[in-house]
Amino acid sequence: MNRIYVWVVVVLAFAKAVSAQNTEELPSIFTVDASLMHGTILEHNPDIAHLITDHPKGVLLSYNQKTFGEEEWQARYGYPDWGISVAYQDMKNFFLGEAYSAYAHFNFYFLKRNLQFRIGQGLGYMTKPFDAVDNPRNNAYGTRFTSSTFLLANYRKENIYHGLGFQAGFNIIHYSNANMRAPNNSTNTWFFNAGLNYTFNHENIPEFKIWEKKAYSEPIHFNLVGRLGFNESDFRGSGQYPFYDFSFYADKRINIKSSLQLGTEVFFAEFLKEYRDYLANSFPEEGLTGDENYQRVSVFVGHELHLGKTSLLTQLGYYLYWPIDFETRIYNRIGLQRRITDKIFASLTVHSHGAAAEGVSLGVGYRFKGFKL
């Protein structure tokens, strides 16, 4: 628990430093909160049943910067918060060890701002990952660093007494290395949480700015995107290889929140060569000869949910060219995208087949104007 106390001090010191910077301008309104967590690891895969032995415990600390409609998109989403969270989780299993994670997150509010929904994406650090000699029973994490996602729903009351409030609810934390290295069965921990929050500069909270609702659209634009990542097949020890995805698609901004997409892409996944050769040599009954092409070509539809310069990207695709029978012909991609300039953007996305991740990729794209529709 000493580590938890250190984290609390660090977060509060950071928050105090931020508030001290606002002298002549409108005070920055932000909150910090701390919650204790108690839960269970969900058996989403029978292969991890032996790792579920007790109820994990943890702590979640967060910094939340409030918005009041300075930009129009904030008003359209009910004045969300953005912030950072850090979490500590004791898995209560000798082979899983402990997890430390950090996230960027958004908070959205409902029911007169009493119901808070949070979505966060970040990285996790696992203290006891899989090791063929020292920890062979941990088939959940093949790497020390993993990607991590968490969802949270809280009943939340702020500024009840001199800035102090409370929250209680539930959240789920997902750890996975997205097939960067086998094994990768991952864990999902369901938590009940409860804790306190504090609102800084609570004496000077401004009114929310109301924006007049009006129609918004853009001409069709075209996008060129290149993505890069590393992954490994499900056969342990087959090795890590780079993969490259190249996309071309059209997008149509239909309102201030949403864009629709239609496009095509080609995949160069070098791990499929190793996967193909292994099956051809070891399991000839699978029907592979070792001469199959490892490239794939697809078409996809997508949706982009805009939150200022940041957006949530979701795509659903179908492989038209699929010479190696790996997973399914249908795939999905989800992730975050950030505009750097009007024409250049960057992204961090996960390419999956259902719940089975194939890889995490960093992407860079170029967007240019097409025509009006």
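This report describes a pocket and the aromatic contacts of a predicted model.

The second largest pocket has a volume of about 420 Å³. Its lining comprises 26 residues, and those nearest the centre are Glu218, Arg253, His306, Gly308 and Arg339. Two or more lining residues come from each of helix 2 (72–76), strand 10 (241–253), strand 12 (295–307), strand 13 (310–321), strand 14 (330–339) and strand 15 (344–353). By residue class, the lining of the second largest pocket holds 12 charged, 8 polar and 6 nonpolar residues. Because domain 1 (26–199) and domain 2 (219–370) both contribute to the lining, the second largest pocket lies between them.

The model contains 28 aromatic pairs. Two of these pairs are set out below.

| Pair | Distance between ring centres | Angle between planes | Class |
|---|---|---|---|
| Phe30 and Tyr63 | 5.2 Å | 45° | tilted |
| Trp73 and Tyr77 | 6.3 Å | 65° | edge-to-face |

Phe30 belongs to strand 1 (residues 30–41) and Tyr63 to strand 2 (residues 57–65), so their pair ties together parts that are 33 residues apart in sequence. Phe30 is buried, at 0% relative accessibility, and Tyr63 is likewise buried, at 7%. Phe30 and Tyr63 are also members of a cluster, linked by ring pairs, that includes Trp82, Tyr198 and Phe200.

Technical notes
Residues numbered from 1 in each chain as written. Predicted model: local features only at pLDDT ≥ 70, side-chain atom pairs only at ≥ 80, totals over all residues. Heavy atoms only, no water. 1 Å grid on protein atoms, 1.4 Å probe; cavity = no way out; pocket = protein on both sides within 12 Å on 5 of 7 lines; lining within 4 Å. Points joined across faces, edges and corners; volume = space filled by probe spheres on them. Helix = DSSP H or I, 4+ residues; strand = E, 2+ residues; numbered from the N terminus. Nonpolar A, V, L, I, M, F, W, Y, C, P; charged D, E, K, R; others polar. Domains from an automatic or database assignment. Phe/Tyr/Trp six-rings, centres within 6.5 Å; stacked < 30°, edge-to-face > 60°. Buried < 20%, exposed > 50% of the residue type's maximum accessible area, 1.4 Å probe, protein only.
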